Amino acid sequence: MNTIIINKILMHMLDFEHRKIFHSTAFVDLNETTIDYYHKKLEKALKSPTMKELTVGSMHELMLRSERMLENEDNFMKQAHDLTDQLYQLGAVIEEMPNCNVLFVDCIKDGEKHIVILKLNYRTIPMSIVEEGIVRITKQQVLPTAGATVDEAIIINMDTKQLYLIEKKYMIDGKNDYYLNPQWIKGEEQLTDKQKFNTMKKVIRKMDDIYNVNDGKALPLMKQEINEKIETHQPVKPLEIVKKVLEKDYQAQEESELMLKDLGISEEDKIQSISTTSMDMCKLVLDDEIEVSLPIDEYLQGSHLEKRKEEDGTYSIILKDIKEVIIK
């Protein structure tokens, strides 16, 4: 389905620079001027490959507060007010914490109710100003652009009772570390989609090196399988895809399953967010920092590229049937 419907948004501001909290007393006006920005930021969070699921109990504070928020608008404002104060207390002791807007969003994603807390951290940009006849450059804090990634967010699926988190590391007690989950939520972390994908690549490469199941084509085949799942709107299950790629060798299949489970990926795990663009291309990295990029299908079919092993043990890459060469 891949649809996102925004019901309402309440926005507060945390000014860590001046030690102030600005609480809104009304919901955001979702007019034609602003709705696109809010929708894009929400989409960035809900489709983030760094979003990870946290296992928490049904009586966890965030689950209970989210349920209260859906009861009526007064409760929504009350719970958002309290949660904003908690976020301020957490951020106030972190020296490099930027000012931010905190958005509390009541929305529907793919037919399921969600409460999303977006923390939009300000960034500093140079600005030209004129004061008393003098033109000078100063720094000004602004909101992130619509297309920028969301650094921090708490996402709660109210229908499935699942909690997801996007978090950012800050310098805390002399080391770069997270704070939202360790200091506040304290849920059991699952792998992010990005980590699941990298784990798949690691296992595929290892099995292909040991058993040579696909003559060096295992990784492109894995990407091709993922692409087919996405295009046919089927769930992308890492364990299922890895076993499919290694189906020619039973031993490789068995070992890959054990390795994936040891690395935290079960049969039911899915990848929700992944770049389809990266799934279309195959990159050959040669020595001397030479790289060759081409579509996955072209590499697997070998219609324009041939990899040949020479007598001295080196390889030759031959591009063939090329009608035109453009230098960029």
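**Salt bridges, burial and backbone in a predicted model**

User: Where do Asp193 and Lys196 lie, and how many residues apart are they?
Analyst: Both are in helix H5 (residues 193–211), with 3 residues of separation, about one turn of the helix. Do keep in mind that this is a predicted model.

User: Why is the pair Asp193 and Lys196 called a salt bridge?
Analyst: The closest N and O atoms of Asp193 and Lys196 are 3.9 Å apart. The rule asks for a Lys or Arg side-chain nitrogen within 4 Å of an Asp or Glu carboxyl oxygen, so the pair qualifies. Asp193 and Lys196 are both buried. Elsewhere, salt bridges with shared partners join Glu61, Arg65, Lys78 and Asp82 into one network.

User: How many salt bridges does the rule give?
Analyst: The count comes to 23 salt bridges. One of them pairs Lys8 with Asp106, whose closest N and O atoms are 3.0 Å apart.

User: What makes Lys8 and Asp106 a link between distant parts of the chain?
Analyst: Lys8 belongs to strand E1 (residues 4–15) and Asp106 to strand E4 (residues 100–109), and the two are 98 residues apart. Both Lys8 and Asp106 are buried.

User: What makes Lys119 and Glu152 a salt bridge?
Analyst: Their closest N and O atoms are 2.8 Å apart. With a cut-off of 4 Å, that distance is within the limit, and therefore the pair counts.

User: How do you know whether Lys119 is buried or exposed?
Analyst: The relative accessible area of Lys119 is 5%. Buried means under 20%, so Lys119 is buried.

User: And what about Glu152, buried or exposed?
Analyst: Glu152 has 1% relative accessibility. That value is under 20% as well, so Glu152 counts as buried.

User: Which residues form the nonpolar patch on the surface?
Analyst: Leu286, Ile290, Ile317, Leu319, Ile322, Val325 and Ile327 form it, and together they have about 680 Å² of accessible area.

User: Why is Ile290 called partly exposed?
Analyst: Ile290 comes to 42% relative accessibility. Buried is under 20% and exposed is over 50%, so 42% falls in between and the label is partly exposed. Ile290 sits in the loop between strand E13 (281–285) and strand E14 (291–295).

User: Why do Lys109 and Asp110 have a polar contact?
Analyst: A contact of 3.2 Å joins their side chains. The limit is 3.5 Å, and residues adjacent in sequence count only if both atoms are side-chain atoms, so this pair passes. Lys109 is in strand E4. Leaving aside residues up to four places away in sequence, Lys109 touches Thr3, Ile4, Leu46 and His114.

User: What makes the phi of His233 worth a look?
Analyst: The phi of His233 is positive, about 60°, although His233 is not a glycine. Most residues other than glycine have a negative phi. His233 lies in the loop between helix H6 (218–231) and helix H7 (238–245). Its relative accessibility is 75%, over the 50% limit, so His233 counts as exposed.

User: And what is the phi of Asp321, and where is this residue?
Analyst: Asp321, also not a glycine, has a positive phi near 55°. Asp321 is placed in the segment after strand E16 (315–319). At 59% relative accessibility, Asp321 is over 50% and therefore exposed.

Notes
Residues are numbered from 1 along each chain as its sequence is written. This is a predicted model: local features need pLDDT of at least 70, side-chain atom pairs count only at pLDDT 80 or more; totals for chains, interfaces and linings use all residues. Side-chain values use heavy atoms; hydrogens and water are left out. Helices (H or I, at least four residues) and strands (E, at least two) are DSSP runs, numbered from the N terminus. Buried means under 20% relative accessible area, exposed over 50%, partly exposed in between (1.4 Å probe, protein chains only). Patches are made of residues with over 30% relative accessible area and no salt bridge: like charges are joined within 9 Å, nonpolar side chains (Val, Leu, Ile, Met, Phe, Trp, Tyr) within 5 Å. Accessible areas come from the Shrake-Rupley method with a 1.4 Å probe; for residues, only the protein chains shown count as cover. A polar contact is a pair of N or O atoms within 3.5 Å; within protein, one must be able to donate a hydrogen and the other to accept it, and residues adjacent in sequence count only if both atoms are side-chain atoms. Contact means heavy atoms within 4.5 Å.
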